[in-house]
2 protein chains.
Amino acid sequence: MTGTIEPTATETDALTRLLDPRSIAVVGASTDPAKRGYQAIRALRDAGYPHPVYPVNPRGGELFGLTVRRNVAELPPGVDAALVALPGPAVPGALRELAGAGVAGAVVLANGFRESGAAGAPLEAELAAAIADTGIRVIGPNTSGILNTASGANLVGVPDPAPGPVSVLSQSGNMLLSLLADDRALGGPGLHCYVGLGNQADVGYHECLRVLAGQPGTGAVAVHAEGLGDGRAFLVEAAAADRPVVLLRGGRSDAGRAAALSHTGSVASSDAVATAVLAQAGVELVDRSDELAMLAGVLAVSTPMPAGRGVAVLSDGGGHATLAADALTAAGVPLATLSGTTRSRLRALLGPPAAVVNPVDVAGATDTDPTRFVAATEALMTDPAVGLVLLVGLFGGYHLRFGKHLKAAEEATAADLAAMAGRHGMPLLVHSCYTVDRPAAHHTLRAAGVPVLASIDHAVRATAALHRRARRGATRSQRSTLRLPVSEKCGYSHTSHSRAVDEPAARRLVEAAGIDTGPWWFARTAGEAAALVGAHKGPCALKVVSPQAPHKSDVGGVRLGVTADAAEGAWRGIVTDVTTALPEAVIDGMVVAPMAPRGVELLVGATVDPVFGPVVAFGSGGVLVEALRDVTFRAAPFTHLEALEMIEETVAARLLDGYRHLPAVDRDALAEFLVRIGDLAVATPGLVELDMNPVLAAGKNLLPLDVRVVLSSPASPPG
Amino acid sequence: MTGTIEPTATETDALTRLLDPRSIAVVGASTDPAKRGYQAIRALRDAGYPHPVYPVNPRGGELFGLTVRRNVAELPPGVDAALVALPGPAVPGALRELAGAGVAGAVVLANGFRESGAAGAPLEAELAAAIADTGIRVIGPNTSGILNTASGANLVGVPDPAPGPVSVLSQSGNMLLSLLADDRALGGPGLHCYVGLGNQADVGYHECLRVLAGQPGTGAVAVHAEGLGDGRAFLVEAAAADRPVVLLRGGRSDAGRAAALSHTGSVASSDAVATAVLAQAGVELVDRSDELAMLAGVLAVSTPMPAGRGVAVLSDGGGHATLAADALTAAGVPLATLSGTTRSRLRALLGPPAAVVNPVDVAGATDTDPTRFVAATEALMTDPAVGLVLLVGLFGGYHLRFGKHLKAAEEATAADLAAMAGRHGMPLLVHSCYTVDRPAAHHTLRAAGVPVLASIDHAVRATAALHRRARRGATRSQRSTLRLPVSEKCGYSHTSHSRAVDEPAARRLVEAAGIDTGPWWFARTAGEAAALVGAHKGPCALKVVSPQAPHKSDVGGVRLGVTADAAEGAWRGIVTDVTTALPEAVIDGMVVAPMAPRGVELLVGATVDPVFGPVVAFGSGGVLVEALRDVTFRAAPFTHLEALEMIEETVAARLLDGYRHLPAVDRDALAEFLVRIGDLAVATPGLVELDMNPVLAAGKNLLPLDVRVVLSSPASPPG
């Protein structure tokens, strides 16, 4: 806590310096032990922070042997981080002074800003102006602080966080306490860096993710968020990150969203959109708050799983083996089919009662000799179908269950198992009923990077994540970076004014993107319509084109199966119905299109999400769309592979292989169609919504029966 | 372990005596510490079992100061339980001897029976004969044993199980170890009675459930099962039980089922059927093995939740509050809408920063004074909309987080909170990040029956169960006992011979049960058909009736929209198509029925499940049935209320309120229809399958377009 400031490389950006500071000013330092301005300096001292600390308080004096500077101007140049422990109204001024003194960044604890609603708005605006004017990087306000266990830069004040590889981004200080408690309870690997995002007045999730994922000490990043701010930037960083990113979202329900709004003033996206696009970016989403620390901890220490392989379960009890197999199946993780050689090896090793088909049940063969797990695991890891071994049951507790004399054998087994997993370059996960007893064998495994978990469900959740990462790693070059062209980066907020373009314009927009919308014609008069139907030599649909009637069917604007001789009558019927329903309607003409062929009814759409930008929707189409809610999303632009994965997520995928009497659908053609819609969504300025329901699919043919497009119209007020 | 046998009331049944034995014989007692026949007696001594123990071994002698009897005949009369620690082949003979000596029941440890497949079949048969001939009650074989902590009757040999209110039924001894470990890790309430079911050669789950749920020391029953044996009897016992029953199933996936088969030779039912009918019986199903001990522990100690009320969340951090609200919403638990009075009280108590809309966030108001939780909880429990308070966050850790001086205040608060929950007769659940530190405040709460949980997800899972039990308790008189008429009790196994009855017979079967299948007629000739269509004065469907063509549509046996003048041609077309596809087909005639009106397409069916007996299926109908998999089940007979609940579980329910342009459907009429189908399923001897797809529903009208019935035909071989 003494000495001079170490030089930081000039190219290191301000946020990187702030999150791993080599010098810290505490603005609002205090001699009152109840105040953060006192506690922070004590915490830095307790954590052994080795770099300079500068207390600042107009009263001056001394604190923990450090000279208290009377104002920010007295700071030496180039301070990395300032903890601002001042009341809200004093914050904007302090930030301007800190920027003037060349401080890289500040952590602002005060609340009373955006999260207080209208009352906090003026102060939030002042804060925003100070940030914009000076360029100083700010974490918060309304944050619990930041923490770096590698240096002891503890600006949160939690006592003795165990150092380790998990970095944490959170909107809630209590979540840090939860994560630290879970890490202790689970025997997890410990914490590297923590950032409490607070209101995100300046620094947001995506920037922190980039910095933390780039720190050598980070093995995985655990994120808790109620609102991701620039969601698209977060997707881009997550997709690019080498380190696993595990995310727990708060505010997914209406009640939760309302609570989150009062908590940090965050706005959330549609939960379904967020779920799909975050998974697309490789983020591991956890639905349970009790799995965030667990999953980040396992991913932070585990060897990656080789791609294209399955899981082998090795258990010492049939009950556990069965539950593990069930849970893996439910999680979509394939169980490896063991080779005959492997089964023979296991049979020779474990004897007749053992079940040597995966899941393997040793059925008592290890009760008197736990070292047999080593050869059994070796047999499994040697099998080319196996990419991960999950040991399930009592390991570590043999000396407690079957006799103290087994203790040494168990500990030797733990060391051998860990070494073997290292040799095979393959993850080994251990479940044990005896974690609560904290046996030495578990410590040995954990010290070697082998997670030991008390819950089969936890082990399976982690296995599923490792399996997904294996697949993702093997297909990385076939995935989108999720970056948007520069012109699209300036925000996704819609104006409140938007308008549906008419069907011919909508069809032309889609066709310009290389998508065939099938034969159709525009008729200006009843005579033209009759001629068009006649020329087609088959029944057609007639659909009104009127700016006042975007919902054509609801006002009688559609006639189906119209023959040439009936066309003029149909035209007149439409005109009568539409003008009866909407007396002010101006009818520009009608779309004439052949009646639809048979096909699978699909839904394809696109929208611009307020958090994640352009996204494409795909699912089951037709009239049951709303009841089924069978729809998934991808952030655009996306790739052919991502489109294929998107298709398989839906119930609609089950209809594509010639279901009942429906025609089979070519998945590659459908994927290509979706990719083009994604490109269109990115390239169309002012797109609010594109909706094609149904798209009739048969073979390689994809025929949108209707195309609805809504564009924002910033220039003109609504008519 | 000495003295004479206490008299047991003569009316006490043998199984009740076996599971709470006042005298125990150990057959196969041994002086070898590695053998169960030694360990069992040591475990009884260590557990302080106060009743007589009789070692039996032909070698005689003495063991732990007890005289070893040379054979079973030397036992005094009326022994309650015998632990049979003999090799498999010796078991049947030993059981006959024990029965001869008047022993009530035996626990058989040996394996090598049914679970060994064909190799174990002869021994299993010998065992079954010994049981049938003597009537002795047998737990096992292939069991880990039984355990009663109230008396110290520890016939499993696990060391020092903590005594408490949770009774356990399991097919796996390792699951007991898991449950005991989880109970310790969670600070759970401890174990009352354990039964390892093993192969269920005699005693099955349903009988044990009846006995354990009836023991005064049981607060809840935790069940782990790979196969429930007589599933219907289990449903009946669960529905009748006063105590909560929590069930974890193994063998739900194909891989798990295969593993379970090799483990205990169990056969499982369809997972979807089992899930629905067990929930119908009030069983709390857990999908995660790490929630069995937790949920049983909470339910065993909690006050029931008052019916018709919601949950109030009280938190000391917005992040946790939001996550709790999200999880409650996802679990379908309503958050209480707090009254203005409650909100005012909370505002006065907690100050301006607090969020006083549910979830309540004290926002720092308790940091310096945790006793404020008492008045806040009081305010919530006084609100008539609140039936349960969930305290979320740091409670118990205030003295660790904010200063040691808060320790006494926290402990006093814990006592006050527990007392208040008792006064209000309302459950209080506490989540805390600090359970890992095992603070005294948590001990105080737990000792008073207030669960303290480390996971918000656990707390919410338990809350959901309490909420469901409240609703169930309030509607008990409106629910089925699930009992079948005596004549139906003798097993559900189908013969391998079954036959589809023809459509007229199927319709008449359904009509006899009071279900209108709409107008239809049977025509023997083309002329009759034409006359029937003519008399109807509207287009009709013609459907072939031929024993060789149960799948009419697939062989061209159906014509739709047939008018009177086209009827004879349609008839001839059907005859040609059917006899071309099936040259041997004998055509008995055709069903003539008016074309269907518009309606919602539903699926209604019934079958006789091999585990649970007659069940009714309901869901979305039409051609997409298989793709959607939108179907749920109820065990028959069931009530109107249960039918209404069944309907709401499906996606089809979303189509009943006039969805899009479909007619609205009367739910009471639909429920009545389902109840009748349930009664029909119970009353129809030899029913294999009843299938009505679609049933067209509009208003109160429910019209099955087709009725397929398959009956077993034990008398005649297939034609």
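Author: The copies meet through the same surface, because 100% of the interface residues of chain A are also interface residues in chain B; contact means heavy atoms within 4.5 Å. This is a predicted model, in which local features need pLDDT of at least 70, side-chain atom pairs count only at pLDDT 80 or more, and totals for chains, interfaces and linings use all residues. Residues are numbered from 1 along each chain as its sequence is written, chains are lettered from A and ligands numbered from 1 in the order in which they are written, and side-chain values use heavy atoms, leaving out hydrogens and water.

Chain A is superposed on chain B by a rotation of 180° with 0.0 Å of shift along the axis, at an RMSD of 0.1 Å. That is the relation of a two-fold axis. The superposition is by least squares on the C-alpha atoms of residues with pLDDT of at least 70 in both copies.

On confidence, the model scores ipTM 0.93 and pTM 0.94. The pLDDT, the predictor's confidence in each residue from 0 to 100, averages 92 in chain A, where 95% of the residues score at least 70. In chain A it stays under 50 over residues 1-10 and over residues 715-719. Where pLDDT is low, the predicted coordinates should not be read in detail.

The secondary structure of chain A comes to 23 helices and 30 strands. These are DSSP runs numbered from the N terminus, helices being H or I with at least four residues and strands E with at least two. Of the 719 residues of chain A, 58% count as buried, that is, under 20% relative accessible area, with exposed meaning over 50% and partly exposed in between (1.4 Å probe, protein chains only).

The part to look at closely is a sheet in chain B. Four strands form this open sheet in the order β21-β24-β22-β23, with antiparallel pairing; two strands pair if DSSP finds at least two bridges between them. At the edges of the sheet in chain B stand β21 (521-523) and β23 (558-562), each with a single partner strand, so one side of each has no neighbour in the sheet. Neighbouring strands are turned by 25° against each other on average, direction ignored. Axes here are lines fitted to C-alpha atoms, for helices over the stretch in contact, and angles run from 0 to 180 degrees between N-to-C directions.

Helix α18 (residues 503-512) of chain B packs on it, touching β21, β22 (540-545) and β24 of chain B, and its direction makes about 110° with that of β22(B). Helix α19 (residues 526-536) of chain B lies across β21, β22, β23 and β24 of chain B, and runs at about 150° to β21(B).

For comparison, another strand pair in chain B is a hairpin: β28(B) and β29(B) have two residues between them, and Gly699(B) in the turn has a positive phi of about 60°. Four bridges join strand β28 (residues 687-698) of chain B to β29(B), and the two run antiparallel. One bridge pairs Ala698(B) with Asn701(B) of β29(B).
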